[in-house]
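Let's take a walk through this protein together, strand by strand. Keep the model open beside you and turn it as you read.

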Amino acid sequence: MSGSNELSRRDFIKVTTGIVGGLIGAVIGLPAVYYLIDPALREGGKDAWIPIGKFDDMQIGVPYPFSFTRVQVNGWERTASSFGGYAVRKSDSPDDLLVLNSRCTHLACTVNWSAEADGFLCPCHDAKFDIAGEVVDGPPPRALDVYEEHRITEDGIVEIFFKEG
Ligand code: FES
């Protein structure tokens, strides 16, 4: 009688230890497995709203520069890419905002605003774009690209919608 009681007590302890051990293993092990596998499964960078500055800091008629970096994850490889542009306020209206991409449409150098020249100048092949992004001079085949979708948050922050690729 006492022998069978001892046996069942031992079995009970074994089973209980097994269950507790299994639970601890699951709690500790799952996040570790997820951590190891996660980068390989994660997709590349995602489309997102990117804050570029305060609307009130953007003066009418003075291009406001901004830049941001996106990290793309492809398996174990991480690639950081930089992007930038200028927000151009044309009037008091929040709707009257043009957000230009600062990548030259010729061979992708970065253009810079020059108040003196009253235009965006590309240092690579001396191109010039006007404040609306239209080509004034040089080899670019078309106007500067535009970040079409933008919005102003309740806090007055201008955000652009960035599409990957
Ligand atoms: S890259 Fe800008 S003019 Fe050639």
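Two strands count as paired if DSSP finds at least two bridges between them. Strands of a sheet pair through backbone hydrogen bonds, either parallel or antiparallel. You can pick out this pairing residue by residue: R89 has L97 of β4 as its bridge partner, and Y86 stands opposite L100 in β4.

Before going on, a word about what you are looking at. This is a predicted model, in which local features need pLDDT of at least 70 and side-chain atom pairs count only at pLDDT 80 or more, while totals for chains, interfaces and linings use all residues. Residues are numbered from 1 along each chain as its sequence is written.

Now look to the other partner of β3. Strands β2 and β3 pair in the antiparallel sense over 11 bridges, and Q72 stands opposite T79 in β3. The two strands form a hairpin with two residues between them, and G75 in the turn has a positive phi of about 65°. Together, the strands make an open sheet of three with the order β2-β3-β4 and antiparallel pairing. Its edge strands are β2 (64-74) and β4 (97-101), each of which pairs on one side only. From one strand to the next, the twist averages 30°, taken with axes that are lines fitted to C-alpha atoms (for helices over the stretch in contact) and angles that run from 0 to 180 degrees between N-to-C directions.

There is another open sheet of three strands to find, with the order β1-β10-β9 and antiparallel pairing. Here β1 (48-54) and β9 (150-152) are the edge strands, each pairing on one side only. The twist averages 30° from one strand to the next. Strands β9 and β10 run antiparallel and are joined by three bridges; R151 has E159 in β10 as its bridge partner.

Which residues touch the most other members of the largest nonpolar core? They are A87 and F129, in a core of 19 residues. Such a core is a set of buried Ala, Val, Leu, Ile, Met, Phe, Trp, Tyr and Cys residues joined through C-beta atoms within 7 Å. Strands β2, β3, β4, β6, β7 and β10 (157-162) each supply at least two residues of this core, and β3 gives the most, with three residues. Leaving aside neighbours within four places in sequence, A87 is in contact with I52, G53, M58, Y64, F66, L97, V99 and V158. Contact here means that the C-beta atoms, placed from the backbone, lie within 7 Å.

For a contrast, turn to P123, in the loop between β6 (119-122) and β7 (127-129). Is P123 buried or exposed? P123 is exposed, because 11 other C-beta atoms lie within 10 Å. The cut-offs are 20 or more other C-beta atoms within 10 Å for buried, 12 or fewer for exposed, and partly exposed in between, with C-beta atoms placed from the backbone. P123 and C104 are 19 residues apart in sequence and 9.7 Å apart in space, C-alpha to C-alpha.

Finally, zoom out. Helices (H or I, at least four residues) and strands (E, at least two) are DSSP runs, numbered from the N terminus. Of the 165 residues, 15% count as buried.

Conventions:
Two residues are in contact if their C-beta atoms, placed from the backbone, lie within 7 Å.
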